[in-house]
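Visitor: Could you walk me through this one? I'd like to go over the charged contacts and then the surface.

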Amino acid sequence: MLDHLAQKAQVKATQAAQTAVLGLGASLLLVVGLGFLTAAFWIYLATVSTALTAATVIGGIYFGAGLIMIAMISARNRSARRELERLELARQHKSGDLQGTLYQIILAFMSGMQAGQKGRRG
């Protein structure tokens, strides 16, 4: 049984390693491709306008893409923070209900004890 679990874990680890290597290779190829596309776009823009215009356009595109990514990360972080706060409130609410229930049980027990004492007296 343990041998089977070990083999299963080894297969999962191997698959994870292969996925990581493929992802790294794909990322490297995308970066190289982006470099060549940027160079081609630079050559085209420098041909139809000036080098200053080409640099401004390409820089603006990269800067805008960076701002969009930062906004996406910020929105994602806010969303994650709200979800954590919601989960914490739900947890507190559940524990608050449990405390309230325990408090009511204790009050009912004390009330019963007092009623029992009064019944014996009288």
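Visitor: Where do Arg86 and Glu83 lie?

Guide: Both residues belong to helix H2, where Arg86 and Glu83 are three residues apart, about one turn of the helix; bear in mind that the model is predicted.

Visitor: And what do the side chains of Arg86 and Glu83 meet in?

Guide: They meet in a salt bridge, with an N to O distance of 2.7 Å between the side chains of Arg86 and Glu83.

Visitor: How many salt bridges does the count come to?

Guide: The count comes to one salt bridge, and the pair that forms a salt bridge is Arg86 with Glu83.

Visitor: Switching to the surface, which residues make the nonpolar patch?

Guide: The patch is made by Phe41, Tyr44, Val48, Val57 and Ile61, and together these give a nonpolar surface of about 450 Å².

Visitor: Which helices supply the patch residues?

Guide: Helix H1, which covers 2–48, and helix H2, which covers 51–121, each supply at least two residues of the nonpolar patch, although the largest share, three residues, comes from H1.

Visitor: Take Phe41, then: which helix is it in, and why does it count as partly exposed?

Guide: Phe41 is placed in helix H1, and it counts as partly exposed because its relative accessibility is 33%, which lies between the 20% and 50% limits.

Methods. Residues numbered from 1 in each chain as written. Predicted model: local features only at pLDDT ≥ 70, side-chain atom pairs only at ≥ 80, totals over all residues. Heavy atoms only, no water. Patch = residues over 30% accessible without salt bridge, like charges linked within 9 Å, V, L, I, M, F, W, Y side chains within 5 Å. Areas by Shrake-Rupley, 256 points an atom, 1.4 Å probe, with all protein chains shown as cover. Salt bridge = Lys/Arg side-chain N within 4 Å of Asp/Glu carboxyl O. Helix = DSSP H or I, 4+ residues; strand = E, 2+ residues; numbered from the N terminus. Buried < 20%, exposed > 50% of the residue type's maximum accessible area, 1.4 Å probe, protein only.
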